[in-house]
Amino acid sequence: MNVPTAALTKNIAIVGSGPTALYTLAELIKSPVKQMITIFEAQSLAGFGMPYSPNAAQALMLANIGSIEIPPLTQTYLEWLQSRSAEMLQVYGVTHDELHDRMFLPRILLGSWYSDELYVLIDAAREKGHRVAIHENVAVEDVVSEGGQIRLVFDAASGVPDQFFTHVVLATGHVWPSDQEGTGRFRSPWDRLAHEEVPATDVGIIGTSLSGMDAVLAVACQHGHFVEDGDDLTYVPNARTGGLRITMMSRQGILPEADFWFDYPPKPLRIMTDEAVENALSEGRDGLLDRMWALFTKEMMLEDRAYFDRMGLASASPEDFAGAYFKPRLATDPFEWARDNLAEVDENAAKQHAVPWRCAILNMHEKFEEIAGQLTAKDQERFKPLARVFIDNYAAVPPTSIRRMLALHDAGKLTVMRLGNDYAIRNTGNASRVTTTEGEVREFKVIIDARGQKSLGASDLSFASLAASLPDGEVPVTDQLSVDTDQWRGRLYLPAAPYLLGRFPFCQGLTASAQFGKWVSSGILEHDPVLA
């Protein structure tokens, strides 16, 4: 009897072992057909991912997502936390009585859950008859299409010979460039910063998001500590920390807002429904942004008429709305705004009150992501200001992070500077000189780039053979995230955020990792190498 090729065991490699890799593994092992799966992790600790690893993060660095939103694996994050010992939780300043599903906890703790879940998944896979192997400290150097299979080439230092696979998943996660400009400049908050001493001097941090706050904490905690007294939080510098001055910088010179209470599961949208979005798409690319914007304004009018009127949404364009959205914050000292916003967020959380306009924007950003890749080049430019509104809304930070920034500001150690759109940064040899759009010049002995993940293209891939096989520009992918060329389609998958930001501009969260895992696993399990 001839067995269909699609029903035969596939030999699958997963490169990387962070959240996207775990969600992919969890879906693959649901298959009744026994699979061969090998996981390669370049770092010494598998399962954590960036930036949840103790190699990169510190205990004060918080994840801006609670268990209520994190897609479960073999259990929810909260269930895992509840099963931990009191002694372990105490290390992170948490007790069992305090735990709840909206709690913001250290990145390292979240990484520990993922790491534990990796090995639980592997055990479960083996019990079902799948063959799963994991290799740490093994870096993949190249990906080569050869004889209908994919050959992985490994770093010579690993001592691992080349291996062939029927399918390969490049779950390589975020790409944070390493420092190449001396000890005074850090190219990301995740490389040397967690473990290298930073002097008590003028420190500049490019970026005011949660990543920027993580960089602030990494520096500040080398030179002082926080003291909590009831609702009051104070930063106490060390005796020799007089020269420490930290400046956060961004184009707009504003801080993110504190994460707000929201309805979960979210209330269904009444205007911007799946059917309405499909209808907007069916009319073609021309005018798509305007059709989506019309749905947005009608939804906002239903959800929060007072906000609709205050923002002038009856006649506003997407660009107009973005300007009106940020205008009050731009006109206010960032720390004054942060203090008032924090008080509002705390009050709403205590009442479990969801602000309608905030929740509407939060829910609608997912609909806009569905159509972002279909926008014309002109509309993609028009969409950028509105995308910043969506990002500002969903990337709100833990209230504790705002409290810490306020404590540092009150201690005279932290300020925020507006760069404008045409700023310049020049390395002068022993310092970095920053010139703002308005001509202000500042010099920093240490500067940290915390602007977050940038969109990358084919030429940025570290796998030379793969990069050479692709057209210039973005990496083309199918709906199941397979690299979309005749050479790779159905065999090679790239669920890595840096290469997908052009198509999925809001894809950097854990919910996206879970969705990517489903798409990739379905593509692999459905693929027939003989018929392809």
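Predicted model: local features only at pLDDT ≥ 70, side-chain atom pairs only at ≥ 80, totals over all residues.

**Notes on cores, a pocket and a cavity**

1. Which residues touch the most other members of the largest nonpolar core? They are I14 and L110, in a core that has 51 residues. The elements that give two or more residues to this core are β1 (11-15), α1 (19-28), β2 (36-40), α2 (77-82), α4 and α15 (510-526). The largest share, eight residues, comes from α4. Apart from this core lies another, of 38 residues, which includes M61, V219, F226 and V416. As general background, nonpolar side chains in soluble globular proteins tend to be buried together.

2. Helix α4 covers residues 107-127, and S112 has its place there. Is S112 buried or exposed? With a relative accessible area of 14%, S112 is buried, because the cut-off for that word is under 20%. Leaving aside the neighbours of S112 within four places in sequence, the residues in contact with S112 are F48 and W80.

3. The second largest pocket holds about 1200 Å³ of space, and 36 residues line this pocket. Those that lie nearest its centre are M103, F104, P399, T400 and R403. At least two residues of the lining are supplied by each of β10 (224-229), β11 (232-237), α10 (334-351) and α13 (399-410). Sorted by class, the lining of this pocket has 21 nonpolar, five polar and 10 charged residues.

4. How many cavities of 30 Å³ or more are counted? The count comes to one, and about 60 Å³ of space lies in the largest cavity. Its lining is made by I254, L255, P256, E257, R329, P334, W337, A338 and N341, and by class these are six nonpolar, one polar and two charged residues. The largest share of this lining, four residues, comes from α10, and that helix also supplies at least two residues of the lining of the second largest pocket.

Key. Residues numbered from 1 in each chain as written. Heavy atoms only, no water. Buried < 20%, exposed > 50% of the residue type's maximum accessible area, 1.4 Å probe, protein only. Contact = heavy atoms within 4.5 Å. 1 Å grid on protein atoms, 1.4 Å probe; cavity = no way out; pocket = protein on both sides within 12 Å on 5 of 7 lines; lining within 4 Å. Points joined across faces, edges and corners; volume = space filled by probe spheres on them. Nonpolar A, V, L, I, M, F, W, Y, C, P; charged D, E, K, R; others polar. Core = buried A, V, L, I, M, F, W, Y, C linked by side-chain atoms within 4.5 Å.
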